[in-house]
Amino acid sequence: MKQLRLSGSGGQGVITAAIIFAEAAMSEGRQVVQSQSYGPEARGGASKAEVIIDDKPIYHPKIIKPDIVLSLTQKAADKYYKDLDEKTGLLVVDEDLVPDIPDFPNVIKVPVTRIASEQVGKMLFTNIVALGVLVKLSKLISFASAEASVKKRVPPHTIEQNIKALKLGYDAV
Amino acid sequence: MKERTYEKYFRQNRLPHIWCPGCGNGIAMKAIVLAVEKQKLPRDKTIIVSGIGCSSRASGYMDFDTLHTAHGRAIPFATGIKLANPELNVIVITGDGDCTAIGGNHFIHGARRNIDLTVVLFNNTIYGMTGGQASPMTPLHKKATTAPYGSVDRPFDACKLAQAAGASYVARSTAFHVQHLTSMIAEGIACKGFSFIEALVQCPTAYGRKNKMPDPSEMMKWMRDNAVMKAAWDKLPEDKRTDKFPIGVFHEQQTVEYTKAYREVIELAQGGRK
Amino acid sequence: MNNMKLMQGNEACAAGAIAAGVRFFGGYPITPSTEIAETMAKVLPSVDGCFVQMEDEIGGMGVVLGASLAGKKVLTATSGPGFSLKQELIGYAACAEIPVVIVNVQRVGPSTGQPTSPAQGDVMQARWGTHGDHPMIALSPWTVRETFDATVMAVNYAERFRTPVILLMDEIVGHLRENIELPKSDELNIYPRRRPSKTRAQGYEPYAPEKDLVPNPADFGTGYHIHVTGLVHDYTGFPSGSPAVTEEFIDRLHKKIAIAQDEITHYDEFFMDDAEYAVLSYGGVARTAYEAVRQAREKGIKVGMIRLMTIWPFADKVIRRNAEKLKGILVPELNYGQLKYEVERAAAGKCPVKLLAKYNTEIFTPSEILKAIENLEGGRIL
């Protein structure tokens, strides 16, 4: 069983990224569950989306011990990294938006938001850049599956930019 | 004697009705079936929907598919019937409390959607069935069991409310003006949109007796003497309007009817195939 | 695996409704059920159905009842505060015997509570929420796939028994996405709308019960001129003040469900063959309970699990049969204790029943339930 947590603030698209990840894993024949928790507001606040991947049916729907936590805001990083395993867990943070790196041995910093705005053209693509990062780091799904899953979920006129974002994220780590 | 052709529209085995002697509801109910006859509505495709209260017992006496809903909820039920089967003619019978108090939100939103319903409000200005409590249409300073010192709550003008909320057709008449009331309802039926007709009816038992007008004929004379046809009302100087009220068609503007509007949604959803 | 889809519980509910023949949805948006309305708004017009967003929850209930009377299969969806508002017309549907499915995606209450957090606090409201006496059918799915199946079943039961049916979901399953494969339409059994068995000339009475104690009031607009009321009525459909008519009416409402109870009681038993203890669970919580029971088995504890899908009518026989041979039953619930008391009543003293309650917006962890199972075995159940 592998457990991934994507966190950030409402509107950053972490839920969409989690759905795309789960769908890609499903396309490779894995069992998946995807869940999220957020506050009453549609924008802002700390939100998280979780993906569990296994080869057996998954019953308990939430993460017990994450393998990877991705955080796109300081607030989310502070809130959601704590149950990571000190030895095997991996914390991935946005280099610019998480200035105070939590005291954790295994942290990877990636300027995902900066890559999205400077290299793809819009901050809107942050979540897909982050997805690319996770695809590479998690080694759970192939880039091709992720690519196919992105194409299925995003609006047709944004496919090209989203694939670019995915690739940039994938190559950034 | 003129043949009472309208009698076929009643469930003879459900009569006599439960209304008090002198009540105006029977007159308004008869006006509805006269209007149905005038417009030649097919009986199997005409549905009568009512709420709760004296007025709303009318549905049980009328030989159509009839629906006696819950208090205030006639318009949502009627909306569901019309949307489910737009070929049906749906007539709503409601009262002043049913329509403008507990059903007030449904009333304004029915008008806003402009769904093709004909809503006839039997306005007796009181909660009659439960013994005479004040309604949102009880006139100022008139007495009710829950307004023993006279009502200080400002009453609604349900016609203005319907018009402001978007109804296609708005009219008022009284139990005294039977022919007029019938033609107001008939025009409402003909209008393909939300039609609202306020029928002022006398309630000698629960309202009249508390307000020095226990005699039903006196109440009807009061209607005769104080109702002013819309055209005359418009010319009436402000100082002459005291205690009087207008009747007639107040508003008629056919805009897009809701089931038609939803047809467009269906066509869009099906990619213009229909 | 070509038909495998990643689907959310709420989406599966909408898909199940469409598959079951629902062609009318009226409602009011409310978290965490909104995706059901959103999906129906998109899909219904494409299958010649109708979606309408009403002015409030009560209107949403009234409009579906009107549409049901006019011949459509109908469904509405809501959550806590909306479920409270809908009770008035749920009672109307029970009294006037109008087929309707009400989905309640439970969230934390009372009042506005915690709109985005899961709970199971409406279990008793689903049974007793309206005034007066009438039975209820309530189904509570634990997976996304079962949400589809339970919705089809709910629509079928609503039509078959001409009664309101509650699909008692929770935020856990409502917002969960899982990979599922939906059945093909020819694999489904769909209960059709009941029709009058007599003509008016043959003395048709709209509320005269058939052999299954369910009447066949005609759809509006089909020429029968029936009268439908929320007042107690006789076989003609017209109000009656008679004590005998009232008693027979209330009896029949109960009996039409009661005589089919075994058939509509759906549940699973896991690891029960040699079980000395059992965890009784339902809805999203059952997923965690299953994981805890599995872990307990690995530790050698003889514990099994009973998972109720049919919450109402309550599975008395299932509980009683198991209680006879068990040393104890644990009931984990995301509430202050609701179904536990039903389990206790049904167990009738044959074995102790212990509640594990949680009501802080978080779902159980497997270890919390595991610990409670270990405590059962430690003999501390009383």
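Predicted model: local features only at pLDDT ≥ 70, side-chain atom pairs only at ≥ 80, totals over all residues.
Trainee: Which strands stand at the edges of the open sheet?

Mentor: The open sheet has nine strands with mixed pairing, in the order S7(B)-S8(B)-S5(B)-S6(B)-S4(B)-S3(B)-S1(B)-S2(B)-S10(C). An edge strand has a single partner strand, so one side of it is left without a neighbour in the sheet. The strands in that position are S7 (227-229) of chain B and S10 (227-229) of chain C.

Trainee: At about what angle to S4(B) does helix H1 of chain B run?

Mentor: Helix H1 (residues 25-38) of chain B lies across S3, strand S4 (117-123) and strand S6 (195-200) of chain B. Its direction relative to S4(B) is about 160°.

Trainee: How many salt bridges does the rule find across the interface of chain C and chain A?

Mentor: The area buried between chain C and chain A is about 1800 Å², with 61% from carbon and sulfur atoms. The side of chain C that touches chain A has six charged residues, alongside 10 nonpolar and six polar ones. The rule finds eight residue pairs in polar contact across this interface. For salt bridges, the number found is zero.

Trainee: Which residue is the bridge partner of A:Gln34 in S9(C)?

Mentor: Strand S2 (residues 31-37) of chain A and S9(C) run antiparallel, joined by two bridges. In S9(C), A:Gln34 has as its bridge partner C:Arg177.

Note on methods. Residues numbered from 1 in each chain as written. Chains lettered and ligands numbered in written order. Heavy atoms only, no water. Buried area = accessible area lost by both parts, 1.4 Å probe. Salt bridge = Lys/Arg side-chain N within 4 Å of Asp/Glu carboxyl O. Polar contact = N/O pair within 3.5 Å; in protein donor to acceptor, adjacent residues only side chain to side chain. Nonpolar A, V, L, I, M, F, W, Y, C, P; charged D, E, K, R; others polar. Pairing = 2+ DSSP bridges. Helix = DSSP H or I, 4+ residues; strand = E, 2+ residues; numbered from the N terminus. Contact = heavy atoms within 4.5 Å. Axes fitted to C-alpha atoms, helices over the stretch in contact; angles between N-to-C directions.
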